[in-house]
Amino acid sequence: MLLLGCVKEVSDYELVVSLPNGLSGFVPVTQISDAYNKMLNKEVAQGEILEGLYSLSDMYFPGTLVRCIVTSAEKSADGRWSIKLSIDPKKVNKGLNASALASGMLLSGFVSSVEDHGYLIDIGVSGTHAFLPYQSAQNYIRAVKRGPDLKIGQNLNCVIVEVKNQGRIVHLSVDRSEVAGSLATERQNWTLSNLLPGLVVKARVQKVAPLGIKLSFLSSFTGIVDFMHMDPEKSTSYSSDQVVKACILAVHPTSKVVRLTLRPAFLHPGRSPDQLSHDRMGAVVEESTVKAFYKQFGAVFELDDGALAFARLKHLSKTRKSFKPGAFKPGCKHKCRIIDYSLMDEMCIVSLKYRIIEARFLHYQDIHTGDVVQGKVFALKPIGMQVKVTDGIKGLVPSLHLADVILKQPEKKYSIGDEVKCRVLECNPEGKKLILTLKKSLVESKLPVLSSYEDARPGLITHGFVVCAREFGCIVKFYNDVKGLVPKNELSSEPIPYPDKVFHDGQVVKVMVLKCEPQQERLLLSFRLSSKSAPEDEHECSPKKKQEVKYQVGQMVDVKVLKKKINGLEVSILEDDGNVGAFIPTAHLSDFIVACKLLWHCLQEGDVVPTVMCLSDKGGRFILSRKSAVISAVQEEQVVRSFSEIQPGMLLTGYVRNVMPFGVFVEFPFGVTGLAPKVSMSDKFVTDTKDHFVVGQTVIAKVMSVDEERQRVLLNLKVSECSSGDSAAESFALLNQYFKEMKEIRNFLRGRENPNMARGLCELVPGKELQLVVQDVKEDGSALFSGNCVTGLTVTATRYHLGGKSVVPGEKTKALVLHVDALTSKVYVSLREELLKQ
């Protein structure tokens, strides 16, 4: 079927063409012309941009009239028609042959090559060479103002000026006045097999009916003008035998039906139909008046600005059953919404459906980057998931964005028809491109949406997602393809040797903008969301502002407690008469976390703490440590003093500096730091790194690998890998050290002028036998005890440690101390005979 169409939208790969009666079709980029196809194929074969090959948007503009032929028409599952078209002259003009060509004919042609004296035009007629002289084209080129030359693949309305050698050579003109004044006549010998849409003819009215007019033209032809294509100014004044000017709209090759239009915009070839202003698209009209109702098609309305609009039958009510014809008598008023505009009918398309009138989104233009939208899953493909937002709006969720983590089998999580809540990453209305994300962290984010480089103000904190992790850092992407770099020194407060092992593509991250250059589209970011301000205790003045005495790492000193802070002790070094200030972090009071807390509680201002090692000198402020394992390692020279000394396989004693989701950072004396990735943290499977290590914990680490160029160290903290050989001896040594420190803590407590309870805690050591009285038996089988030696303390034995005995309140019994928790004043005991006998 041949149709006259009007270009509605232009993208890189197709033309969207408005067709008569509110229909639309698509012309793929491969259906323009032979010459354009050859250039496309050449560019693909060469793999680089071809000079002289222009994009569709350089050659076609909304409003351009084109002759089309339908190549396929398919109905989708939701009842919509997909009409594929071609404007290739070999298909459109296939009914013409060289002998049928005559001067004055109006044809479609496409520039196929540029010659010395003009242009060769492809008019699709085999054996005919059509030539457009250069001089004849100049007025047209100046008038359209689309460049100094015509482009290969460009569509032209051509008038045949001269026919030579029985149609083998044809001279053309594209002069706008000649084209606009062209008229198809009997002398040109048009037949029903080669009649073309777009031809303007003189016609005679044969019959006027409610739904249209029947015309005769070119002596022997008849055609129909439907109600939408009458001249709105004269629609009620047509009469039989009246002579009118008409334009052929469509020719059906099998039924031989010809449809025409009487609308003025089409009566002068080369003109463009009127277009709707952008602000009217999607507008809701509170009162539109019914002008006419056609029971098989729909209704014509007059809008508030006097323009005519058409509503198809299915858009007049919610369902066919709820439709009431009586509500659409001429003069009745209805609320409607403009949902489209038919260029070929020069008429708005409206809907009276409530859900469409109230819809948040109607067209791609209504959707903005960052909007949260609801949709339905309608297809799962290798590249991602297609989501239907509305009947006319569809979006793609790329595979990377189906969830916060990469889904290997999306079909197990999503099914066709599922309702999903998405966020718009990118929306290109011109290309009808909508990219969505289902990452919950992005969809539910309350932080500002970063959708342009101009919005990226220094200090802005927002969410993005990682698209690349390399040795230089991470590239993070935001909305509308805005992206920036997080350099390696801004990835964390701790060095990250291998960012690609820590961060993965698609990972949602919170970032802060450091710097932006919108002109160059350069964006510098940081994962460190706050400045590295020192803790409060590090800013406080020490006894002497300028410390002249310097202490070396590893030097042992005695100190006096000046002040207790929540994270450590402010102390003064006694060797310098207390004039040199220093700080012992709580975690560095002992190798054992429990002992650290106990010591912090036991020590008071004025207490002297002997044999403490200088760990570091940060800006003139000395950080000290009481960790015996760390002190021994330094004294025995089992340390590395610089990065260059580290070798794979070394066993080094250090302490946890930071616990991250991806691993543990370990610091060693003299400042060298390494990373133990999650997989190398424990012999057990690690789900949460915080379940295995705490900041300040003393550890023995094995060096796995060293990257000297990037100054990176990878460590292993697995117990099975970090033993020097005699694991039993090491374990007993650690246990001995623990009991030694606990004894030291008890001595601190004994020296206090404490109440009896504190002194009692000092006397209760593991293994001591006690005479107790059962106070209570709980539902879980455990028991509580009392006694003179445990006054004020909570003494308990679990069901297991009752040893199968059935105890009752008031009963006297012997018990053995298992553990004393001095912080909570709890004592754990056992009544088991095998322990009491030892």
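**Inside the model**

Reply: The lining of the largest cavity divides into 7 nonpolar residues, 5 polar and 1 charged, where Ala, Val, Leu, Ile, Met, Phe, Trp, Tyr, Cys and Pro count as nonpolar, Asp, Glu, Lys and Arg as charged, and the others, Gly among them, as polar. This is a predicted model, in which local features need pLDDT of at least 70 and side-chain atom pairs count only at pLDDT 80 or more, while totals for chains, interfaces and linings use all residues. Residues are numbered from 1 along each chain as its sequence is written, and side-chain values use heavy atoms, with hydrogens and water left out.

Me: What volume does the largest cavity have?

Reply: Its volume is about 120 Å³. A cavity here is a set of points, on a 1 Å grid over the protein atoms alone, where a 1.4 Å probe fits but cannot get out, and lining residues have an atom within 4 Å of a point. Of the 13 residues that line the largest cavity, Leu4, Leu65, Asn157, Gly198 and Pro269 are the closest to its centre.

Me: And which element gives the largest share of that lining?

Reply: That is E4, with 3 residues; strands are DSSP runs of at least two residues, helices (H or I) of at least four, numbered from the N terminus.

Me: Switching topic, what does UniProt annotate?

Reply: An unreviewed UniProt entry carries the annotation "domain: S1 motif" for several spans, including residues 104-175 and 370-439, though such annotations may be inferred rather than shown by experiment. In the model, the end C-alpha atoms of residues 104-175 lie 13 Å apart, and this span is 15% helix and 47% strand. For residues 370-439 the end C-alpha atoms also lie 13 Å apart, with 0% helix and 54% strand.

Me: How many bridges join E41 to E42?

Reply: There are 4 bridges between strand E41 (residues 769-777) and strand E42 (residues 783-786), which run antiparallel, and two strands pair if DSSP finds at least two bridges between them. Val777 stands opposite Ala783 in E42, and in this hairpin, with 5 residues between the strands, Gly781 takes a positive phi near 95 degrees.

Me: Which strand does E42 join through 3 bridges?

Reply: That is strand E43 (residues 794-797), antiparallel to E42, and the bridge partner of Phe785 in E43 is Val795.

How values were computed: On a 1 Å grid over the protein atoms alone, a cavity is a set of points where a 1.4 Å probe fits but cannot get out, and a pocket is an open set with protein on both sides within 12 Å along at least five of seven lines; lining residues have an atom within 4 Å of a point. Grid points are joined across faces, edges and corners, and a volume is the space filled by probe spheres set on the points.
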